[in-house]
Amino acid sequence: MSDYDLLARQLETLLDTRDWLTNAAQTCAFLKHEVAALNWAGFYLQRQPGTLILGPFQGLPACNPIPFDKGVCGAAATTRRTQRVADVHAFPGHIACDAASRSELVVPIVHDGELWGVLDL
């Protein structure tokens with residue numbers, strides 16, 4: 001089991017408030033390396049209305065783009081609520097980018113009231 005408080009403190013030392021792209025890349029690399037059994041960590045960005053576009057990530061090549069009405073990422077973007085899904089194969093509209101993925105955690109990222117994107121694990 002991970003010590004999430006320790007992980008948060010370690011990640012904070014890597015972040016540079018001047019550059020969102022560096023921060024996103026560092027976050028993905030850090031999470032992929034530090035969280036046991038994690039096979040993918042990445043960001044999908046809302047760069048056009050109703051659609052998430054692949055951003056920085058660590059892991060196998062990913063699905064792109066993702067409409068808001070598809071998958072766990074789309075659900076997180078639409079509802080702006082964290083989605084924690086134990087069995088992705090039972091999730092309506094699941095997008096199977098990697099057959100090895102069994103569960104998924106997607107956290108929406110909102111800045112100044114606007115959806116910036118999601119962090120997908």
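Mentor: The account below takes up the sheet, its pairing and the helix across it. The model is predicted, so local features need pLDDT of at least 70 and side-chain atom pairs count only at pLDDT 80 or more, while totals for chains, interfaces and linings use all residues. Residues are numbered from 1 along each chain as its sequence is written, and side-chain values use heavy atoms, leaving out hydrogens and water.

The UniProt record, an unreviewed entry, places the feature "domain: GAF" at residues 34-121; such annotations may be inferred rather than shown by experiment. Over residues 34-121 the chain is 43% strand and 11% helix, with the end C-alpha atoms 13 Å apart. Strands (E, at least two residues) and helices (H or I, at least four) are DSSP runs numbered from the N terminus.

The open sheet has 6 strands in the order β3-β2-β1-β6-β5-β4, with antiparallel pairing; two strands pair if DSSP finds at least two bridges between them. The edges are β3 (66-67) and β4 (83-85), each with a single partner strand, so one side of each is left without a neighbour in the sheet. Within the sheet, β5 (residues 104-111) and β6 (residues 114-120) run antiparallel and are joined by 6 bridges. In this pairing P108 stands opposite V118 in β6.

Helix α3 (residues 71-79) lies across β1 (40-48), β2 (51-59), β3, β4, β5 and β6, and runs at about 30° to β5. Such angles run from 0 to 180 degrees between N-to-C directions, with axes fitted as lines to C-alpha atoms, for helices over the stretch in contact (heavy atoms within 4.5 Å).
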